[in-house]
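Please walk through this model one piece at a time. We begin with a term, then turn to a residue, the domains and a helix pair.

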Amino acid sequence: MEIFKLGFRNTGRNRKRTLINALTISAAVIAIILFDVLVEGQLNDLVGNYIRMGIGHIKIHKKGYDKESERLPLDILINNAPETIEKISDINDIRDIYPRLKAGGLISCREKQSPVVINGADLEKEKDIELITEKNIEGNIPKKGEYGILIGKELASLLEVKPGDIVFLYSRTRYETHNVIDLEVSGIYSIGFSTYEKSNIFMPIDILQELIGSSSVSELTIMIEDENLVDAIADSIKSKLAGFNMEVFPYHHYLSEVQNISAMQQSAIIYIRFILLTLAFFGIVNMMMISVWERKKEIGTMRTIGYSKLQITGMFLCEGFWLGVFGSLLGCIIAFFLSLILKNFGIPLPEELLVGINLPMSTHIYGKMLPEFFGRTFFLGVIASILATIPPSFRAVFLPIVKALREY
Amino acid sequence: MLIQLEEVKKDYPLGKTTVHAIRGVSFGIEECEFAVIAGPSGSGKTTLLNLMGLLDHPTSGKICFEDRDVSGISESEATKIRKMRIGFIFQTFNLIPVLTAFENIELPLLLKGIKEKERKEKTFNILEETGIGDIAKHKPDELSGGERQRVAIARALVGNPDIVFADEPTANLDSETGFQIIHLMEKLNKIEGVTFVFSTHDPGIFKVAERKIELHDGKISKDVVQNSNKK
């Protein structure tokens with residue numbers, strides 16, 4: 001206890017040095033937390049964009065569809081969509097349920113053509129939750145019953161079409177025949193995700209159903225109120241639909257790519273944390289070495305009156321502990337306010353950067369604050385500070401007593 | 001015999017040469033003695049006190065503490081003996097600057113693991129005995145040289161050591177304060193029966209001691225009992 005008290009008081013003996021040491025830790029803590037906040041924010045943005053690009057929070061398919069989803073099967077469709085929706089509509093926290101139909105096709109205009117994924121949806125109803133209808137639309141969103149189509153900016157540029165132009169859409173039907181329909185380009189969407197823009201077109205679900213000759217849907221996309229409840233809600237949907245021959249997946253089932261990105265980012269963060277804390281570590285070691293040098297005589301005196309090497313080491317470790325607590329606390333407080341700024345105002349991303357990245361990223365990174373960022377970094381700051389006092393404390397205790405006492 | 005030295009030598013390497021700080025001294029210190037080690041600067045007084053106080057090991061010879069050979073004991077053993085049985089007073093007071101006078105004095109008792117109530121009582125008693133009860137809450141930098149040395153004496157004595165080594169305890173004090181400190185040590189020697197061995201090169205001070213061991217170039221040149229005022 002005395003050692004703890006001594007360690008605490010020693011932090012106050014040279015306030016300027018203590019402040020510099022604490023600021024060294026604070027700087028590392030601030031940098032780590034802000035990095036965490038930005039990376040989490042970016043990840044959150046990415047996941048959010050994927051969810052709003054048609055994945056939704058939860059998807060319901062006819063059993064077996066997911067395995068075959070790459071070929072956009074028309075033989076594994078939900079035939080009883082209204083009944084299914086009715087069955088699960090009383091589950092709390094479900095915001096809305098959107099039936100969708102997907103099919104493969106070929107779009108052409110004059111001599112230009114391109115294979116596409118045709119997404120049939122009630123675009124009017126989905127305009128608040130669907131990324132492509134939410135922003136950067138040139139033209140209009142085709143309404144139910146309208147022979148209109150919404151295509152991506154990249155595809156529009158490839159086909160050299162603009163809103164008002166007519167395109168032809170070829171598709172397989174439910175009965176493995178072929179059908180073609182001419183549609184007006186109602187609007188052109190742009191989300192900054194070129195691969196998606198090139199290959200995904202959107203049209204009213206009833207028109208697509210007419211094209212493929214079926215009133216069925218490929219999936220029911222569910223949006224929920226609280227993203228944290230996604231697994232629980234998916235489970236209750238599963239139990240409600242037992243016997244319906246359906247499969248239910250929460251959004252993370254579809255985001256293995258994002259999960260890989262997240263894992264890569266986490267590894268990068270570990271290295272960055274390590275580098276920042278190592279820098280802080282050496283800063284403190286340097287300062288504490290000076291402190292030990294100045295306190296040689298006092299350390300000699302303590303050894304003389306009976307303090308063991310372990311107790312002297314303990315005193316320095318306690319000093320490091322308190323330094324770490326002050327520095328990390330200060331860092332956490334400053335980082336909290338800076339994170340609030342990042343959360344509310346974000347950081348703009350250069351457009352040229354977004355073009356090169358084939359991911360649905362927003363033009364701004366907004367920070368996302370999680371309590372564990374602060375708790376974990378505070379802990380790491382304290383540990384780094386304690387570890388940084390080990391080399392100086394060893395220097396102190398291995399100094400011969402008589403030599404220490406001779407110092408002036 | 002509390003401490004016995006037999007042909008003790010201490011050499012220090014200094015660059016490529018060796019300094020022979022103590023060149024074979026033999027003497028003993030009895031319990032309750034009040035002895036001064038006198039000699040000019042560089043005569044080996046501090047080295048001798050360091051050896052007797054188990055702060056350093058002799059190069060050769062034998063040092064016995066209550067008939068136990070302590071010449072080559074381990075660091076932890078020496079720490080234990082210093083903590084339990086030896087007190088130290090330094091020329092530059094060597095108080096812990098972040099602790100108050102009271103806390104500085106209390107330190108040896110804390111190290112001995114004495115319970116709080118007894119610790120506080122002992123600390124208050126020694127504060128009164130050394131005449132510094134009114135400065136208990138002050139930190140060292142708020143005290144005069146004399147007060148600091150009184151705190152250092154109280155710290156050396158609070159744990160009831162068998163022997164106290166004082167290395168030039170008056171060297172950083174004016175002569176009047178120096179005499180007050182020596183008289184305080186003398187009083188404590190007589191009342192408490194604590195053995196004092198202190199070093200000085202001030203002829204005015206070493207007259208007060210009952211035994212004077214004179215050191216020149218690391219050798220004892222004279223060892224005399226000069227005042228027979230031992231109780």
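The model is a predicted one.

Start in chain A. Phe193(A) sits in a loop. That loop lies between strand S7 (178-189) and helix H8 (194-199) of chain A. Is Phe193(A) buried or exposed? Its relative accessibility is 8%, so Phe193(A) counts as buried; the cut-off for buried is under 20%. Now look for Ser362(A). In sequence, Phe193(A) and Ser362(A) are 169 residues apart. In space, their C-alpha atoms are 9.6 Å apart.

Next, the domains. Chain A is divided into domain 1 (2-50 + 258-405) and domain 2 (64-244). Between the C-alpha centres of these two domains of chain A lie 49 Å.

Move to chain B. Helix H3 (residues 101-112) of chain B packs with helix H4 (residues 116-129) of chain B. What is the angle between H3(B) and H4(B)? The angle is about 130 degrees, and the axes are 9 Å apart. H3(B) and H4(B) are therefore oblique to each other, since angles over 145 would count as roughly antiparallel and 65 to 115 as roughly perpendicular. Their crossing is right-handed.

Which residues make the contact? H3(B) supplies Phe102(B), Ile105(B), Glu106(B), Leu109(B) and Leu110(B). H4(B) supplies Arg119(B), Lys120(B), Lys122(B), Thr123(B), Phe124(B), Ile126(B) and Leu127(B). By type, the residues of this contact of H3(B) with H4(B) are seven nonpolar, one polar and four charged.

Terms used: Residues numbered from 1 in each chain as written. Chains lettered and ligands numbered in written order. Predicted model: local features only at pLDDT ≥ 70, side-chain atom pairs only at ≥ 80, totals over all residues. Heavy atoms only, no water. Axes fitted to C-alpha atoms, helices over the stretch in contact; angles between N-to-C directions. Helix = DSSP H or I, 4+ residues; strand = E, 2+ residues; numbered from the N terminus. Parallel < 35°, antiparallel > 145°, perpendicular 65-115°, else oblique. Left-handed = near helix turned anticlockwise from the far one by under 90°. Contact = heavy atoms within 4.5 Å. Nonpolar A, V, L, I, M, F, W, Y, C, P; charged D, E, K, R; others polar. Buried < 20%, exposed > 50% of the residue type's maximum accessible area, 1.4 Å probe, protein only. Domains from an automatic or database assignment.
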